[in-house]
Amino acid sequence: MVCQSVTCYTDPGFAATAMGALAASGLLVFARGIPIPWRILLWGAALGLLAGAKGTGAPFAAVLAFSVAVVVLVQGRDQWKRWLLRLGLAGCIALTVGGYWYIRNAIFTGNPIHPIELKFGEKVLFPGYNRVDFVEANLPAWLAAYPRPLRMPISWLQLDAPIQGYDPVGGLGFVWLFGCLPAILLLVILLPRRRSDPHFLRFLFFGALAVLLLASQTSPWWSRFTMWLLALGLPSLAWVLQIGGTAGKRWLRPGALLLLAAASGLAIWESNRT
C-alpha cells in the first residue's frame, strides 16, 4: 500500500479502511474474549470509516454489514432479538462516523450518493453519471481483449505499472504475486485435510467476505481498487509460514524461514523502488 501511494490518490487510505472493517468483522464473530459492546462499537466505527472514506465504500459497507449480520444472527439465534438491537446500534455508530456526506448530499441534491447514479434493475432511483461506464472507459484495449474473469489476474503480472505514473493496470506487488497468492491457494488445497483446525473456519470466513467484496467491486482489474486483498493475502502467507515452521518434518522449518526472509527482502526492495 505504501508503494502504491505514489500514484493511487486516496485508494491506499480506502484500502486501509476496508482492511480494518474486515478485521473488525472477524473480531465481532470470533473474538469471544472481548466484551460484546466493545466489539459492536469497533465494528460500527470501522463500517463508518469504510463508507465515509470514499463513495465506493458504501456498497462495501453494505455487503459486510449484511453478511456479518447473517452470521451473528445464526450464531446467536437463541438471543436474536438482543442481537438485532446490537446490530442496530452498530448501524447508528456507522452512520454517525461515516454518514455526513451521504446525509448532506441527500439534503442538498436529493441523491445521497451524488453525483453517482443509483439504479435498481432498470429503474433509476437517483439520477447521476454511470460510474461503471466511467471507470471501464479506462480499460486498456489490449486488456479488454481478454475474457472478463482473466483481466484481474493478468493485471497482477504488470508489476512496473503502479510506480511509473497514472496507469490503469498494475499488480499488487511481488509479495502478493509470489507469496500471498500461492499461500491462499495452498490453504485452499489443505482445507479438506485440516477441517478440524479452528483457524480454517476463520480462513473460510474471510475468504467468503473477500469474494463478496470482489463481486461488488467494479473494474477489479484496476489494482488501485483491490489493494485491500492484502488483508487476506498477508495473514495467509503468515499462517503458511507458521504451519511450515511448526511442521513435524524438519526440512520444512528451514524452508519456511528462507521463505520468510525472501518475502521480507522482496518487500523491502520493492518499497525502495518508489
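Q: Is W221 buried or exposed, and what is its relative accessible area?

A: Buried means under 20% relative accessible area, exposed over 50% and partly exposed in between, with a 1.4 Å probe and protein chains only. W221 has 3%, so the residue is buried. W222 counts as buried too, at 4% relative accessibility. Before we go on: this is a predicted model, where local features need pLDDT of at least 70, side-chain atom pairs count only at pLDDT 80 or more, and totals for chains, interfaces and linings use all residues. Residues are numbered from 1 along each chain as its sequence is written, and side-chain values use heavy atoms, leaving out hydrogens and water.

Q: How many aromatic pairs are there, and how are W221 and W222 arranged?

A: A pair of aromatic rings is described by the distance of the centres and the angle of the planes. Rings of Phe, Tyr and Trp (its six-membered ring) pair if their centres lie within 6.5 Å; planes under 30 degrees apart are stacked, over 60 edge-to-face and the rest tilted. The whole structure holds 12 aromatic pairs. In W221 and W222 the centres are 5.5 Å apart and the planes at 5 degrees, so this pair is stacked. Elsewhere, ring pairs link F14, F60 and W228 into a cluster.

Q: Which ring does the charged end of R86 sit over?

A: A charge sits over a ring if NZ of Lys or CZ of Arg is within 6 Å of the ring centre and within 35 degrees of the ring normal. For R86, the ring is that of W83, with its centre 4.7 Å away. R104 sits likewise over the ring of F108, 5.2 Å from its centre.
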